[in-house]
Amino acid sequence: MPNIWEKLVELEYITAEMYEKAKEMQKQNKSGIGFNLALLGFDEEEITKQIAKIFGIEYIDLLSIVIDPSVSNIISRSRAESLCIFPVKKNGNNVLFACADPMHPEILSFVKELKFKASLNAELGIAPESHIKLAIEQVLPQEDKSAMAETLKDLKQLTPEAELEILKETSQTEETEAVDEAPVIKLCNSIIADAVEKRASDIHIEPFEKMIKLRYRIDGSLIEQPSPPLSYKRAIVSRFKVMAKLDIIERRKPQDGRIKIKVKDKTIDLRVSTLPVVWGEKIVMRILDQSNLNLDLTKLGFEQDDLLKFQKAINSPYGIILVTGPTGSGKTTTLYSALSTINSPDINIMTVEDPVEYQLPNINQVQVNPDADLTFASALRSFLRQDPDVIMVGEIRDQETAEIAVKAALTGHLVISTLHTNDAPTTISRLADMGIEPFYIGSAVILILAQRLLRKICNECKKEYQYNISLLKEVGLTDDEIKSTKFYKGEGCSLCNNTGYRGRVAIYELMEINEEIKSAIMQGKDASEIRKLASKNGMKTLREAATLKLKNGLTTPEEVISVTMGD
């Protein structure tokens, strides 16, 4: 029996020569005959409608029909692409499919398989191949081909003997290789490897009554991942606790630990925190990847004039430099980049941190240990007897630490530290609230840097975009700036997890403490007056810094507004 294309040759709708040419093209591009006939100049829609008429098959106009979203799980994207078939709608046990060749043996085999395995009756209609490919692209979910997705597929076919798996692996070396045979071990290693590959900064594993929720924080946003099987809930927690050298029996108290693991020839450190919740224990792991640490000040996001001011400050012989911002705003990276920039054999740099996140060469780093009475304040006192040139304090949290830092700065040391404040001028008020006299603040502090991280538009799916003018005016742009600026948006792709953003850049509000501002501080002026003076002396606010990134095509107005909402 001739196939549909041979029938078209018989009816002289297409020539035998064209048919043979389309078959030759098919070997090269793996597309269907109809698609290749279209490439040769035929109207693909007309050919498809002709076939529908000849064989009495329903023609489906995929470009105008409303597609039922509930059918997206009937067939996998890879299978739909290989068969060139698309599920259009479902009515009870009947599913209507659009396909390019309803008489192809593989399509007929799929229809039988669907009936046998899922008790579904397939009704076949016909549509142009290009329309089917477009529908698949727009509707069927992109399949996760990561190692973790494959591991989850394997796990669903296994019965977990969780505690037995854990007990097999209670002895750990300091570095764990991210490969192993046991299912739960393979799963836990895959979670870490997958998170590293996706550039996540944190892994959240959260137990609920009927599911385990797995989320990665990527570019500051939590993104949900495929859920591990619920039956592995205790096994996953126990495995990560064993890796972090925590007590697997203790489930009522929070615990903290560290994991060191090799992922694709990279050694990754993880800070592990467990917390008892209603349905078990939640685990959060902060990923510390030394290879991703950017220690080049010129690549962090500084505008050129601010970079020069910051470089001048970190090369000062004494004084306090404060970096402020909320958790996760990149303060640690800025501090480490500053230390790396000034690090040389002729100066003694000492740091006290909680915890030490990354190990820097030729720098003496101290980990806070309250159990041994090693606090920020006690470490600072000891530092002053160790002949330091530069001291980095992870965070100034209390009056005692602040007072010792001021004393160190006034006695000829450069002190770099962080505070949790929203902007540069209010940092002065925060120090005053800690009990530091305005005279000492004005004398010791030489620069304050407030910062945030702004998501960048994904370069892979970046397209020019016309935003609503009212949105651009809300950002603070003038009519002339709106007219003269090209704006962009990420459409969303697999590389950026369909968010339209990939990677982040820092924005800074840099306030140099010049004589005028120093005088205002010593007089006890409030933050709003200090802000006015700083702006008059060239300080860009966080909103202004973010707007520059927008005008340079790096980000979107929505991101500017979201990150600098309080500015």
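Two strands pair if DSSP finds at least two bridges between them. Strands (E, at least two residues) and helices (H or I, at least four) are DSSP runs, numbered from the N terminus. The model is predicted: local features need pLDDT of at least 70, side-chain atom pairs count only at pLDDT 80 or more, and totals for chains, interfaces and linings use all residues. Residues are numbered from 1 along each chain as its sequence is written, and side-chain values use heavy atoms, without hydrogens and water.

Seven strands form an open sheet with mixed pairing, in the order β13-β12-β14-β15-β11-β16-β19. The edges are β13 (364-367) and β19 (501-512). Each has a single partner strand, so one side of each is left without a neighbour in the sheet. Strands β12 (residues 349-353) and β14 (residues 390-393) run parallel and are joined by four bridges. Thr351 stands opposite Met392 in β14.

The largest nonpolar core has 40 residues. Such a core is a set of buried Ala, Val, Leu, Ile, Met, Phe, Trp, Tyr and Cys residues joined through side-chain atoms within 4.5 Å. Buried means under 20% relative accessible area, exposed over 50%, partly exposed in between (1.4 Å probe, protein chains only). Ile320 and Met511 are among the residues with the most contacts inside this core. Helix α15 (residues 399-410) supplies its largest share, six residues. Apart from it lies another core, of 33 residues, including Ile203 and Met285.

The count of disulfides (cysteine sulfur atoms within 2.5 Å) is zero. The sulfur of Cys84 lies 8.2 Å from the closest cysteine sulfur, in Cys99, too far for a bond. Cys84 is buried, with a relative accessible area of 11%.
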